[in-house]
Amino acid sequence: MRHSIERKILVPFLIIVLIPIFIIGAVSMWSSYQSEKQLKQATVQEHLTSLDRYATKLENRVNSGMISEEEAKSLIKMMINETKGLYVEEADGTLSTEGEVVQASELDWYNGEAKTSIFTERTVLTKQIEQWGWTLYHPMTFSFYSGSLPNIQKYTLLISIFTGVIAVQFTIILSYHLSKPIKNLAAFCKKIALGERTNGVDIDNRKDEIGVLSSSLKDMVETLDERNAQIDKIKKLNETILNSVHVGMVLVIEGADSVYNEAAQTMMNEDPLLKERLGKLTIHETKRRSEEIWDHKRKEEKVFYAVSYKVLGTSEKQRSIITFEDITHRRKLEQRVERMSRLASLGEMASGIAHEIRNPLAGIKTTTELLTRRLELTKDQLILTENMLLDIDRVNKIITNILQFSRPMETNPSLLKVDDTLHSLVLLMKTIADDKKVVLHHIENNTEIFVDRDHLRQILLNLILNGMNAMPDGGELILSSFQRDDDVTILISDTGVGMEDAVMEKIFDPFYTTRAEGTGLGLSIVHQLVVQNNGEIDVNSIKGKGTEFSITFPIGREEK
Amino acid sequence: MDELLYLSVFLIYTIAILILGKHGFDKTDELKGYFLAGRNLPLFPSVASFCATWFSAASLLGLPGLIYEGGVSVIWTTAIAWLLGIIGLFFLASKLYTYNVVTVPEFFLVRYDSKFLQIWVGVILSVSYLLYVVIQIRGFGIVVSQMLDIPYTVSVFLIYLFVLYTTFGGLHSVARTDIFHFCLILFGSILGGVFIVKEIGGIRELATGLSTLDQSGSASYLALFPEGGLSFWALVSAFFSLGLGVAANPQYAVRILSSRSKQVALKMVGTSTVFLVLIYFSIFVIGIGSRVLDPNVPFTSTDEIYPFIIAYLLETPLKGVLLISVVAAAISTANSQLLIMATSFVYDITLPIRKKKALDLKVISWTRWMIFIFATFSLVIAFTPPQGIVQFSGHIWGIIAVSLFFPLYGGLYTNVNHRQALLSTFGGLITYILAFLLIPNALQPVYHPVLPSLIIAGILFFLKGRGRLNASFH
């Protein structure tokens, strides 16, 4: 990491530590350089001064006549020649050093060409011996790396390096030590941020602020983990509940996709129309409604849904929940119960009326027959009385039918093969069917049911006749059966005119008929017989395409 | 002038070490990372680390001196004996790598299921490496005090700082600095040979000088075998103590374990052999060249000869590199030994005795403290060091050979149980001590204490019950 905390500690500390060491080392070098330079200069200056003093003394002797000037000059010359690096320029311009004459042009310092650079410093000390017109020159060079300076300063340098090494090492170790727990903490936080599991990750057990931070963070993460686990648990439970109920639920969210539970998805997959209707629902619409019942056709069968709406007003985004339940089955049961009670009360009323009519009708009939025998009637009158008797018989027959319909019939159930009954009925009806150009199909399925034989024949006969009547221009009538679990269903379907929903609701009502010659009791009696044999009857019809009756009976004796 | 040059070279070296050593600090969160560099070292770092660890102050400082003094035949009891140990390392690499262990003593725990054996090996390593680190510190002290003309005590304290620093970062730091050290050792020794030959005036002059030496009395100098033939027992002694000492030495086993794969480990041993021969040849040239250059070097210990030649007889600005290569050899060996010493003490002695599991970070922290304590202890001993570097190291190699060779190699290649391994290591060591005390000092170079003790260790390892050989090789 480029901007790691370690670097941020390390670099400034290194600078803080190293700069004083360098400064101290450099200052120490500089000061000893200066002192050495001054010392050397002072020594040379002292030497030159002493030569001058000596020349003055010799001059005095020359003046007192003790020695000649030549002797004095040669004595001084000797001393000058013994000093290394000392030049003398005599009055005539001759330049010599250590006894040898040198050309002035060869000496860069003499010509003023000697320059001082960063590492070397040059200077020329001069002294005039005025009495003879001589000039003494002592060029000097000082540098950091020559002469005795390195020797003198070796320990200073070494100590600088030495302390520098120690300081740098300590700084590195210190910055490492300081930043390591922070780095560990950062790595720990990064793991948390990435959602990795932090269980078993060790962070330092320190006692300082970082330690407090670490342990607090660890505690925090543990608490969070625990809560998360609890939330997860609750979430899972809720999901399980939501997905286990048979009620479909849809959460409509403003500006986002709706959320469906499993039951809703299943129902929507089975019923595309439902899916379409649900998909059209908006928040705005759900606000206006509370409860309603949807009904539409699903695969030619009418289905019912109880739908309720609830707006959730807690969050900023508007949401509403829609629950819906398939109530088709319940609805059918309700219809069946309703029909049965209606038929029962109708039957009661009809039988009461029939009973009351039957006795006077018997009197009328007997009286009419008596009068016919006693009175001598003309041929026309005789025909009229015969007609009267015929109508009385007809009324009597209706009454018998009504009484038969309303009276609980005794059933004598036995196990019988559906195919046998269907087969015999097909044979029986063949002639009539041929007349009406109806083709009878019997699909054998080898099923058995436990019902009253006569009742079953009557039921099927009524339904077959009903089907044939529904096909004035001929068609097909298919008889079949199938077994599901402990029930056997017999299907009688025709390719006739079909019915509208409104008609279908009434077909089992007594005296309801669409044919002029019908009594309207046939299907009512069928319904009665089916119910008395523990069966169920259902009808599906499409106008113009045909009708299908299904009657379901239990298979076993124990079902009774 | 020279001192300023040395100071500059030394300063550059210091900066390099500080930077390179820092690297390991960031990679030391877990034990495998700290002790074995995560068992993930590629070939070149492995080779560099292996070679840098191999060449100690004893090789780079003592060996030229011994050749100078004793002639060509010295190589039999030094370089060749050491190199023979490599054969053992080939066998070690092919088997040891498969063990998932953090330290070498832990191998004994895993293989023999004996905590006691682990602790015992830990003790042997801690003690013997302590002595060996002292030798390294001393080698450094001699060179640096010669180089910078400073007191020995001060220069010894400098190595202390370097070793401590490079070891703190674990094997990552050690391996990283070892790459630098290896380059210094390689170039230093080759340049040393080249400069000495150049100083003499070329190879022809060297040959002439050698023939002159031969005629001037020291007749045996150039002979491959010493006068009167090389004693068989001296050869066997050197091989047993140095060769087997190398083969059983955990500092090489650690390099095998830290390699990226078994193939890398085997390649490492093979490649390193080439470099080792090259460097030994250079040292050999340095030794005989020095003798030709000046047969009368004043010395009290052979260790001082090479530094003297560099300091006073060579005229090149690169001689700072030659001296720093000796420093590199000393530090690279010392830091890896210090690391093994501290890990052995913490991981193989303290933790098994403590019996409580500790966090990785805690163990690393303890190891750092032990590094500090052992380094300080070595420093204190190095102030008054034992005399004669190679002879002294011979005993350390010998002790390691007798106590570890059979349990280590036998553990890898036979089905011997922990009782025999324990008997072998104890029996070997006791015999060694007895032999050391009983054999007169003058005879020891020929009849080294390692001879009887290794035989005893071997017999105890393979013998069981009433003298039946029980081990079977697998």
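**Before you start**

The model is predicted: local features need pLDDT of at least 70, side-chain atom pairs count only at pLDDT 80 or more, and totals for chains, interfaces and linings use all residues. Residues are numbered from 1 along each chain as its sequence is written, while chains are lettered from A and ligands numbered from 1 in the order in which they are written.

**Stop 1: chain A**

Select chain A. You will find 13 helices and 17 strands. Helices (H or I, at least four residues) and strands (E, at least two) are DSSP runs, numbered from the N terminus. Of the 560 residues in chain A, 20% are buried. Buried means that 20 or more other C-beta atoms, placed from the backbone, lie within 10 Å of the residue's own.

**Stop 2: a sheet in chain A**

Two strands pair if DSSP finds at least two bridges between them.

Now pick strand 14 (residues 475-484) and strand 15 (residues 487-494) of chain A. They run antiparallel and are joined by eight bridges. Click A:Ser480: its bridge partner in strand 15 of chain A is A:Leu491.

Angles run from 0 to 180 degrees between N-to-C directions, with axes fitted to C-alpha atoms, for helices over the stretch in contact.

**Stop 3: where the chains touch**

Show both chains. The contact takes 16 residues from chain B and 16 residues from chain A. Contact means C-beta atoms, placed from the backbone, within 7 Å. Helix 1 of chain B gives the largest share of chain B's side, seven residues. By class, that side has 13 nonpolar, one polar and two charged residues. Ala, Val, Leu, Ile, Met, Phe, Trp, Tyr, Cys and Pro count as nonpolar, Asp, Glu, Lys and Arg as charged, and the others, Gly among them, as polar.

**Stop 4: two helices in chain B**

Select helix 12 (residues 232-247) and helix 20 (residues 450-462) of chain B. Their axes come within 9 Å and cross at roughly 60 degrees. Which residues of helix 12 of chain B meet helix 20 of chain B? Show B:Val236, B:Ser237, B:Phe240, B:Ser241 and B:Leu244; they meet B:Val450, B:Leu451 and B:Leu454.

Definitions and conventions:
Two residues are in contact if their C-beta atoms, placed from the backbone, lie within 7 Å. A residue is buried if 20 or more other C-beta atoms lie within 10 Å of its own, exposed if 12 or fewer, and partly exposed in between; C-beta atoms are placed from the backbone.
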